[in-house]
Amino acid sequence: MEVSQRHRFDYYASALTSALVPMAVQSASPADFWADMQIADLGLLAAVRQAGSAHRCYREDPEFGRDEHRSFHLIINLSSPWRIAHRGRERMAPGDAMLTDSRFNHDIHVDQTYEFINLKLSEAWMRQWVPSPGSLVGRRIAASEGWGRALTAFAAQLTPRFLVQTPLPLSMVSDQLGALLALLASEFRASPQRPTRADGALQQRIQEVIVQRCAEPALTAAAVAGSLDLSTRTLHRVFTRFGETFGESLMNARVGLALRMLESPLYRRLTAAEIGRRAGFSDASHFTRVLRRRLGATPAQLRRRQGAGASEADEYTGLNASAGNLPQIEAEANSEH
């Protein structure tokens with residue numbers, strides 16, 4: 001839906017969509033809504049500078065958790081106060097920043113004219129500097145204190161125009177950004193928000209539910225929290241205390257379940273596609289990509305290493321079969337799942 005009466009976009013790279021996350025925009029006064037946007041996607045680092053009028057920007061896509069191209073976004077509003085709901089609710093002062101995770105919904109409100117800098121960071125790059133990005137996601141990064149002051153001051157200069165004209169190698173710029181994020185993560189870990197014994201017990205309960213229900217393809221944080229009579233915010237807070245995320249925990253549980261089935265002779269008659277489905281993966285190609293990225297091998301290769309007896313040809317057929325053509329497993333195999 002087009003709500004903008006005045007808009008301008010400057011593209012500094014052709015791959016526009018890779019620098020953005022799909023989102024919806026609402027304005028209390030559509031006739032007066034306007035936005036100027038500059039975008040630079042340079043591969044190693046993507047930046048968006050956007051200025052405009054008051055609006056609400058949100059993402060409520062039920063499929064966001066399946067996005068294989070996970071990314072993190074460092075967002076700063078340089079000119080006005082703003083509010084954001086992302087694994088919790090925060091009121092942000094001008095210049096404050098927040099790191100968001102593309103796998104979680106967000107809801108941003110700006111009540112005045114704004115100027116945002118949005119730096120897109122890939123998961124692989126992020127983990128080079130912060131092994132547990134969840135320790136930063138959803139937390140207010142104050143522009144007035146600690147390493148947040150240095151980070152926000154530096155990131156505010158990384159406009160699309162600067163990135164395409166900088167006399168320094170882009171790798172040097174990105175390394176400086178990564179180092180500041182690492183220092184901020186270290187500062188947060190040293191803060192009083194350390195996990196308590198109660199947090200540890202609650203995390204164990206949450207983890208047990210995730211392991212029990214990870215085979216449900218549509219399992220959400222809200223569903224897990226509801227089964228434990230917790231709020232979704234409390235669930236995310238517990239994960240943050242341990243430097244983890246719900247998505248990481250769920251994916252670890254699914255990978256672990258799939259690996260046990262691939263290694264067990266009880267499941268040798270199942271195709272890899274069916275094992276992926278039973279472990280909660282939505283489709284065979286996604287299952288294969290996740291295992292290759294996390295374990296360095298495809299389902300077929302993992303099976304061969306364990307001597308489960310599945311041939312490469314069978315695996316290829318299974319990975320491309322539709323669910324309606326998958327063979328049935330014997331009753332005793334079901335008892336292990």
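**Figure 1. Aromatic pairs in the predicted model.** Five aromatic pairs occur in the structure, which is a predicted model. One of them joins tyrosine 114 and phenylalanine 116 in a tilted arrangement, with 5.4 Å from centre to centre and 50° between the planes. Both partners lie in the interior by the accessibility criterion: tyrosine 114 is buried at a relative accessible area of 1%, and phenylalanine 116 is buried at 9%. Ring pairs also bring in Trp82, so that Trp82, Tyr114 and Phe116 are linked into a cluster.

**Figure 2. The ring pair of phenylalanine 239 and phenylalanine 246.** These two residues form an edge-to-face aromatic pair, with a centre-to-centre distance of 6.5 Å and 70° between the planes. The pair counts as edge-to-face because its planes are over 60 degrees apart. Phenylalanine 239 is buried, with 0% relative accessibility, and phenylalanine 246 is buried as well, with 5%.

**Figure 3. Helix α7 and its surroundings.** Helix α7 spans residues 232–241, and its buried residues are Leu235, His236, Val238, Phe239 and Thr240. The buried residues of α7 pack against α5 (197–213), α6 (221–227) and α8 (246–263). Following α7 is glycine 243, which has a positive phi near 70°. The loop between α6 and α7 contains aspartate 229. Aspartate 229 also has a positive phi, near 60°, although the residue is other than glycine. With a relative accessible area of 74%, aspartate 229 is exposed.

**Figure 4. The packing of α8 against α10.** Helix α8 and helix α10 (residues 284–295) pack with their axes 11 Å apart and at an angle of about 95°. The two helices are therefore roughly perpendicular to each other, since angles from 65 to 115 degrees fall in that class. On the α8 side, the contact is made by Glu248, Met251, Asn252, Val255, Ala258, Leu259 and Leu262. These residues meet His286, Phe287, Val290, Leu291, Arg294 and Leu295 of α10. By residue class, the contact of α8 with α10 comprises nine nonpolar, two polar and two charged residues. An α-helix has 3.6 residues a turn, so residues three or four places apart point the same way.

**Figure 5. Arginine 87 and the ring of phenylalanine 104.** Arginine 87 is located in the loop between β7 (82–85) and β8 (89–92). Its phi is positive, about 60°, although arginine 87 is not a glycine. Arginine 87 lies over the face of phenylalanine 104, at 5.1 Å from the ring centre. With a relative accessibility of 13%, arginine 87 counts as buried, because the limit for that class is under 20%.

**Figure 6. Arginine 56 and the ring of tyrosine 58.** The ring of tyrosine 58 has the charged end of arginine 56 over it, 3.9 Å from the ring centre.

**Figure 7. The chain as a whole, for orientation.** The chain has 337 residues, of which 47% are buried. Its secondary structure amounts to 13 helices and eleven strands. Of the contacts between residues at least 6 apart in sequence, 72% join residues at least 24 apart.

Definitions and conventions:
Residues are numbered from 1 along each chain as its sequence is written. This is a predicted model: local features need pLDDT of at least 70, side-chain atom pairs count only at pLDDT 80 or more; totals for chains, interfaces and linings use all residues. Side-chain values use heavy atoms; hydrogens and water are left out. Buried means under 20% relative accessible area, exposed over 50%, partly exposed in between (1.4 Å probe, protein chains only). Helices (H or I, at least four residues) and strands (E, at least two) are DSSP runs, numbered from the N terminus. Contact means heavy atoms within 4.5 Å. Axes are lines fitted to C-alpha atoms, for helices over the stretch in contact, and angles run from 0 to 180 degrees between N-to-C directions. Angles under 35 degrees count as roughly parallel, over 145 as roughly antiparallel, 65 to 115 as roughly perpendicular and the rest as oblique. Ala, Val, Leu, Ile, Met, Phe, Trp, Tyr, Cys and Pro count as nonpolar, Asp, Glu, Lys and Arg as charged, and the others, Gly among them, as polar. Rings of Phe, Tyr and Trp (its six-membered ring) pair if their centres lie within 6.5 Å; planes under 30 degrees apart count as stacked, over 60 as edge-to-face and the rest as tilted. A charge sits over a ring if NZ of Lys or CZ of Arg is within 6 Å of the ring centre and within 35 degrees of the ring normal.
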